[in-house]
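Okay, thanks for coming, everyone.

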Amino acid sequence: MARSQEVILTNMCLIEDNQGNIVMQIRDSERYAWDGAALPGGHIEAGESLHEAVVREVYEETGLTIKNPLLIGIKHFHTREEGIRYLVFLYKATEFEGEIRSSEEGEIKWVSKVDINKIELADSMEDILSIFDDKSSSELFYVRDDEGILQRIFF
């Protein structure tokens, strides 16, 4: 049995200010494969460290330069088509410089954590956000059931 596999490496970052607001990226399905509000992030490029990638992705998508991002956890699953492992490294940053700006990736805005349930979240965002609040879990794994539907497991 092969001990290696193809992997897609990505990241997401919860950026929180000192007033209980977080940065959310709003997308619509007319332009992207998914819609709703999500944390900014993206793919890790060849040769980049995980840290370099999350700092770059956050800047590209939000205009903010984050400092001292902390790795909080990981989300992962296998893609339906080729069974490729998809890893999402989940970071949190409370130190940043700059002003938010939207990009071609989507509209960027501050959202109060208290009001997060008042906006339409992208698929799995509720699960991802719980990793940041629940200190007993650091891994979110989705396994497919007999019908191919993803079922969540927190570790």
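**A walk through the model**

Let's start with a charge and a ring: Arg 101 lies over the face of Tyr 59, 5.4 Å from the ring centre. By "over" I mean that NZ of Lys or CZ of Arg is within 6 Å of the ring centre and within 35 degrees of the ring normal.

Some housekeeping. This is a predicted model, so local features need pLDDT of at least 70 and side-chain atom pairs count only at pLDDT 80 or more, while totals for chains, interfaces and linings use all residues. Residues are numbered from 1 along each chain as its sequence is written, and side-chain values use heavy atoms, with hydrogens and water left out.

Now the sheet. Six strands make an open sheet, in the order S4-S1-S7-S6-S10-S11, with mixed pairing. Strands (E, at least two residues) and helices (H or I, at least four) are DSSP runs numbered from the N terminus, and two strands pair if DSSP finds at least two bridges between them. At the edges sit S4 (41-43) and S11, each pairing on one side only. From one strand to the next, the twist averages 20 degrees; axes here are lines fitted to C-alpha atoms, for helices over the stretch in contact, and angles run from 0 to 180 degrees between N-to-C directions.

Glu 57 is buried, at 8% relative accessible area. For the record, buried is under 20%, exposed is over 50% and partly exposed is in between, with a 1.4 Å probe and protein chains only.

On to the cores. A nonpolar core is a set of buried Ala, Val, Leu, Ile, Met, Phe, Trp, Tyr and Cys residues joined through side-chain atoms within 4.5 Å. The largest has 21 residues, and those touching the most other members include Met 12, Leu 90 and Met 125. Which element gives it the largest share? That's H2, with five residues. Leaving aside neighbours within four places in sequence, Met 125 contacts Met 12, Ala 37, Ala 38 and Leu 39. Another core, of 16 residues, lies apart from that one, with Ala 53 and Ile 66 among them.

Last, the aromatics. Rings of Phe, Tyr and Trp (its six-membered ring) pair if their centres lie within 6.5 Å; planes under 30 degrees apart count as stacked, over 60 as edge-to-face, and the rest as tilted. That gives two pairs. Phe 77 and Tyr 86 are stacked, because their centres are 5.0 Å apart and their planes at 15 degrees. Phe 96 and Trp 110 are tilted, at 5.6 Å and 40 degrees. Phe 96 is in S8 and Trp 110 in S9, so this pair ties together parts 14 residues apart in sequence.

Terms used
Contact means heavy atoms within 4.5 Å.
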